[in-house]
Amino acid sequence: PSEQRAYEIGRLLGVEADSTETVTYWRVQGGDGSNRSQDRIVINPDGTIRVTNPDKNLNISARTDEHASYFLDKRGSNAYIVEFEVPKWFDDFLNEYVIDQKDATTNPNNMGGMAPKRVDPNRPGFAYELPPPWIEWLEEYALNAKIVKGGAS
C-alpha cells in the first residue's frame with residue numbers, strides 16, 4: 001500500500017499514524033530435522049511479503065531481534081531470519097488487541113479465536129501468534145522484507 005493509504009487507515013482506526021515510523025518484525029524459518037520451522041513468509045521482489053497457508057496461525061518476533069536470534073540457534077544450520085517492517089500504527093493496533101496465549105480459549109477477549117496472542121513469555125524478546133485476518137493485514141502492510149541471518153536463500 002502507499003504510505004498515504006497506510007496513514008489514512010491508521011487515522012481511521014484512531015491510532016497515531018506517522019507514515020514514516022515503522023516497527024521491525026522477524027520470522028525464523030527453515031532449519032534441520034524436527035527443529036525445522038516452516039517457510040511461511042515469501043519475500044516478493046518489491047520487498048512486500050506473501051504468507052503461505054494464510055488460514056493457519058503465524059508466529060513472528062517483534063520489536064527486538066532477541067526472540068528470533070534465540071530460535072535461529074534452536075532451528076539448526078539451515079535456518080534463517082526474515083526481517084520486515086510494518087507501520088507503527090499496525091504494531092500499536094496489534095498490541096491493543098493482543099492477549100496471552102495461555103488460557104486464550106477461555107479469554108472473552110479472544111474474539112472467537114481471532115485475537116493475536118502473545119507467546120513464549122519465558123523466552124527472550126517479544127513474540128506473537130497471528131491468526132487470520134491478522135495475517136492478511138500483515139501481508140498488506142509489511143514492507144522492506146529481506147533475509148538478515150542464516151543459511152537459506
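**View 1. Order of the secondary-structure elements along the protein chain.** From the N terminus, the elements follow the pattern α-β-β-β-β-α-β-α-β-β-β-α-β, which comprises four helices and nine strands. Helices (H or I, at least four residues) and strands (E, at least two) are DSSP runs, numbered from the N terminus. The model is predicted: local features need pLDDT of at least 70, side-chain atom pairs count only at pLDDT 80 or more, and totals for chains, interfaces and linings use all residues. Residues are numbered from 1 along each chain as its sequence is written, and side-chain values use heavy atoms, with hydrogens and water left out.

View 2. Seven strands form an open sheet with mixed pairing, in the order S6-S7-S8-S4-S1-S5-S9; two strands pair if DSSP finds at least two bridges between them. Strand S6 (99-100) and S9 are the edge strands, and each has a single partner strand, so one side of each is left without a neighbour in the sheet. Five bridges join S4 and S8 in the antiparallel sense. Phenylalanine 126 in S8 is the bridge partner of alanine 62.

**View 3. The largest nonpolar core.** A nonpolar core is a set of buried Ala, Val, Leu, Ile, Met, Phe, Trp, Tyr and Cys residues joined through side-chain atoms within 4.5 Å. Among the 25 residues of the largest one, Tyr25, Ile49, Phe84, Phe90, Leu94, Leu130 and Leu138 touch the most other members. Two or more residues each come from S1, strand S3 (49-51), S4, S5, helix H3 (88-97), S8 and helix H4 (134-141). Another core, of seven residues including Trp26, Val28, Phe71 and Ala79, lies apart from it.

**View 4. Helix H2 and its cover.** Within helix H2 (residues 66-75), His67, Ala68, Ser69, Phe71 and Leu72 are buried, that is, under 20% relative accessible area (1.4 Å probe, protein chains only). Their cover includes strands S1 (22-30), S4 (58-62), S5 (79-87), S8 (126-130) and S9 (143-150). Glycine 76, with a positive phi near 115°, follows H2.

How values were computed:
Buried < 20%, exposed > 50% of the residue type's maximum accessible area, 1.4 Å probe, protein only. Contact = heavy atoms within 4.5 Å.
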